[in-house]
Amino acid sequence: MAYNSNLQIAGAPQFNRQPAQCLNHKVSDLSNSPYNDETSTARLKGRESLVSLQSSYESPRLDTASDDRTGGLGSSWSVPFIQSGGGRYQPVSPPSRSTSTYGRFKSFRGRAQDTIREDETIDMSLLGAAAPPGRSGSYEPVSREEPIEPAIDLTTFSGFMGPQDQGFLRSLQEQEAKGKLTGGLGEGMKPEATIKGDQLMASSPLKRSFTRSFSLRRAPSSRSRAGLKELGQSEANRRGEVIKVVMEEPDVDLSSMVGPSAIGLDPNKIRQSMLPAHESKTEVFYPQPNWKPFSMRWPYITGLILLSVGLAITQELLYQQSTREPLVTFQRATDLGPSLYFTLKFVPTIITVTYGVLWQHTDFEVKRLEAFYQLSKEGGALAAESINVDYVTLFNFARPFQALRRKHYAVATSSIATLLAVSLVPTLGSSALVVGPDQAIRLQDPNVEKTITINSVLSRLLTSTFMVISILGCVLLYQISIRRSGLLSDVKGISGLASMAVVSHIMMDFKDMDVAKPKDIHHKLKNRRYALRNSSLVPEDATPVSSLESNRYKDTHLPENPHPLMLRAEGCMPFIIGILLFIGFLPVFLFTPASVITQKAPWVITALAVCIKLTWGSLETAIRMMEPYYILSKRHAPAKTLTLDYTAMPFAVVAAHAFFNRHWTVFFVGWGSIMVEALTIFVTSLASVEGKDFINILIDAEEHMEEGDEFLQKGLGSGSETVLSFSVTLILTALILLYLCVVATTVFIRRRHPFLPRQPNTIASVLCFIHQSKMLYDFVGTAKFTNAQMRRRLESLGKTYGLGWFDGRDGQTHCGIDEEELTLNYKHGVDYSQGNKPWLTEWQLF
């Protein structure tokens with residue numbers, strides 16, 4: 001008796017069940033008569049027999065012609081079995097009817113060799129459909145809908161799996177090792193609709209001309225075909241699905257209208273020899289969505305352009321006003337009043353710093369999403385121009401040159417505009433306001449009338465800078481508007497890239513690259529082209545790579561060190577020393593004769609503060625990028641870690657998210673980014689202060705025993721500062737610098753050791769970490785998920801994740817990110833896959 005086994009293992013994606021088969025067994029060959037059809041008046045039926053049946057047990061097949069991607073998993077993890085429905089009967093297919101003349105006169109006696117072999121095996125699952133005794137009618141058909149059995153996880157049972165199960169798992173691992181993705185991975189994309197070119201032209205809003213309307217058939221031309229391609233792409237974008245457009249119908253074959261062919265001749269060959277048939281020309285169009293963050297959309301960029309022009313006009317008007325008469329006239333700082341003092345000392349710097357922050361938002365998104373813009377181009381892009389390019393962690397002043405080399409003009413334009421807005425604008429803005437007369441005269445006569453005017457040279461430079469930035473903003477707006485991002489939503493974290501990479505066979509390009517260095521990845525991928533189609537990363541093999549393109553990028557610009565520069569001693573220690581030197585420099589230029597430097601060049605101290613701000617930004621970028629991987633390296637990380645991406649968060653929002661997530665390192669560094677902007681404001685106000693006045697007033701107050709309020713309200717004779725304002729500004733500046741120094745030292749102590757084989761600064765580097773992960777099965781069908789949907793899906797699975805050594809889908813040992821339990825933690829420099837070869841490991845690592 002055949003046993004009908006419906007067994008399924010949980011823990012992996014489900015496979016499509018094979019369609020249920022109907023019972024179609026005949027005892028005699030009479031039922032296969034050519035006259036047995038619906039139109040025959042005399043219908044001969046073969047009677048079914050419950051005892052004498054031809055039973056064919058159908059077992060799950062590992063390799064099929066239609067789909068060779070079956071579930072493959074290692075023996076240490078659960079496997080998706082096919083819902084076999086064990087004891088199904090294979091229907092007896094009717095005899096093929098040849099198109100030949102002889103086949104029409106073939107008698108049923110001539111098919112005696114097709115008689116069904118009898119078998120006494122009975123499938124007990126048919127008893128539910130058996131007719132009661134004495135019934136003369138036909139049996140009830142077996143139901144095509146079988147109840148879905150609950151999933152069973154064999155790992156919950158004690159003991160080992162049987163030899164057959166082990167062999168099944170081994171065969172699946174062999175498929176992965178041979179490059180055949182399993183478990184729904186690499187299924188590809190199929191057109192969801194087929195549209196004829198004529199229908200597409202008829203439904204288009206474009207109208208044909210008067211003379212062309214009389215033509216029955218449109219003459220083929222390159223122009224019409226290009227217009228049809230444009231319509232096809234527009235239709236795919238409108239539908240949001242993959243469509244296939246029949247660009248040209250096949251020609252009519254008149255030879256198919258002849259009479260019966262001669263005996264013994266194949267009519268197909270005759271037609272081919274007389275008139276070759278032309279196949280219809282089709283083209284597949286993929287939807288090209290165009291999601292952008294708000295800081296890259298036209299209202300935001302247009303606002304930046306208008307703001308730049310407005311600031312340039314305002315600066316010029318103020319300069320023209322100051323040439324006619326001083327902006328402000330006073331004798332002592334107490335004459336200004338709190339509101340006027342705040343407006344003169346802090347408002348200009350606040351405006352220029354805020355202006356730079358607004359440009360930073362746009363620049364960061366442009367750098368982060370440039371790879372996807374390149375992938376969404378027609379024909380895709382080289383790996384060195386897309387999945388293996390890094391603009392986020394690149395040094396600020398080197399970024400425009402790298403972008404121009406790769407013809408990424410949007411990145412180059414945005415980088416230049418942001419550098420000008422962040423560094424040059426605050427420096428010039430703080431130095432343009434000048435207090436007169438000369439400081440020597442003000443020191444000799446503290447009661448002399450003082451004026452505030454605008455320096456002509458610095459003012460014209462600042463105005464020109466604003467205009468240049470506005471022009472660059474127009475260029476950037478044009479670059480973004482003529483391209484499509486190819487994204488439906490924001491791509492955040494490891495999960496965002498994983499969901500885009502499971503549709504095609506792109507993962508096979510990263511085989512044996514678990515611990516590869518960026519240079520090795522570059523040389524392996526430099527002759528390959530990739531594209532972004534329907535929110536999925538796919539290899540673009542249709543467009544070959546020319547020798548000129550292959551030799552364009554011989555070397556990579558990516559760092560070989562697995563740890564970011566600002567987390568290493570050679571990057572972080574000079575920064576900490578620089579902060580300490582700046583703290584010591586403050587009293588020097590305030591209270592010593594070295595203050596002549598700030599008198600002659602008041603922009604120097606602001607430029608030093610800007611350098612600290614840019615360097616701190618590099619430290620923050622490194623922490624943002626590495627935080628999810630650091631959490632994964634600690635093992636058993638929650639599912640939300642895969643969707644975590646601090647690099648996609650705007651300024652100041654990072655600190656808030658890190659606070660609620662209790663990621664304290666990211667929080668303190670993010671809060672430091674806010675404080676370093678305030679540092680620029682406070683330091684600028686100290687540049688015009690003569691510290692000797694403060695010391696003299698302090699000495700006089702001790703001699704005359706003045707009260708506190710009277711002492712604090714005294715003005716410094718040489719400038720526009722009071723004792724209170726100067727003291728508060730100096731104390732806040734020192735506290736901010738001390739905070740930066742303490743946080744940078746703490747980060748260096750806690751994060752100075754490498755915990756990754758390479759930096760995850762490119763798409764290719766991240767895909768190398770997950771190309772053999774079993775967790776990829778959970779991302780099948782999620783290419784169009786948003787970050788929130790992906791997080792809910794992963795959290796519903798109840799799994800934890802880690803970074804280390806694990807057994808991949810091919811049964812081999814790999815290093816990367818996968819679901820727990822992993823085999824071993826990752827230790828930098830130790831290759832666990834070569835554990836039995838200690839002579840390959842450096843002696844310092846033991």
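## Packing of helices

Helix axes are lines fitted to C-alpha atoms over the stretch in contact, and the angle between two axes runs from 0 to 180 degrees between their N-to-C directions. The model discussed here is a predicted one. In it, helix α6 (residues 298-324) and helix α12 (residues 456-481) cross at roughly 165°, and their axes come within 9 Å. Angles over 145 degrees count as roughly antiparallel, and α6 and α12 are therefore roughly antiparallel to each other. Their crossing is left-handed. Sorted by class, the residues in the contact of α6 with α12 comprise 15 nonpolar, nine polar and two charged ones.

A second pair is formed by helix α16 (residues 569-591) and helix α18 (residues 603-633), whose axes lie 11 Å apart and which pack at an angle of about 160°. The helices α16 and α18 are therefore roughly antiparallel to each other, and the crossing of α16 and α18 is left-handed. On the side of α16, the contact is made by F575, F582, F585, L586 and F589. On the side of α18, I605, L608, I612, T615 and W616 take part. The contact of α16 with α18 has nine nonpolar residues, one polar residue and no charged residues.

## Salt bridges within helices

The count of salt bridges in the model comes to 24. One of the salt bridges joins R238 and E235, whose closest N and O atoms are 2.5 Å apart. Both residues belong to helix α4 (residues 222-239), where they are three residues apart, about one turn of the helix. E235, in contrast, is buried, because its relative accessible area of 12% is under 20%. The pair also belongs to a network of salt bridges that links E235, R238, R239 and E241.

Another salt bridge is found between the side chains of K367 and D363, with an N to O distance of 3.4 Å. K367 and D363 are about one helical turn from each other, because they are four residues apart in helix α8 (residues 347-375). Both K367 and D363 are buried.

## A salt bridge between loops

The side chains of D509 and R528 also meet in a salt bridge, at 3.1 Å from N to O. D509 lies in the loop between α13 (493-501) and α14 (518-525), while R528 lies in the loop between α14 and β8 (529-533), so this pair ties together parts that are 19 residues apart in sequence. D509 is buried, with a relative accessible area of 14%, whereas R528 counts as partly exposed at 29% relative accessibility.

Where does V780 lie? V780 is placed in the loop between α25 (763-770) and α26 (787-797). With a relative accessibility of 25%, V780 counts as partly exposed.

Which residues are in contact with V780, apart from its neighbours within four places in sequence? They are G183, G184, L185, V502 and R793.

Definitions and conventions. Residues are numbered from 1 along each chain as its sequence is written. This is a predicted model: local features need pLDDT of at least 70, side-chain atom pairs count only at pLDDT 80 or more; totals for chains, interfaces and linings use all residues. Side-chain values use heavy atoms; hydrogens and water are left out. Helices (H or I, at least four residues) and strands (E, at least two) are DSSP runs, numbered from the N terminus. Buried means under 20% relative accessible area, exposed over 50%, partly exposed in between (1.4 Å probe, protein chains only). Contact means heavy atoms within 4.5 Å. A salt bridge is a side-chain nitrogen of Lys or Arg within 4 Å of a carboxyl oxygen of Asp or Glu. Angles under 35 degrees count as roughly parallel, over 145 as roughly antiparallel, 65 to 115 as roughly perpendicular and the rest as oblique. A crossing is left-handed if the near helix is turned anticlockwise from the far one by less than a right angle, and right-handed if clockwise. Ala, Val, Leu, Ile, Met, Phe, Trp, Tyr, Cys and Pro count as nonpolar, Asp, Glu, Lys and Arg as charged, and the others, Gly among them, as polar.
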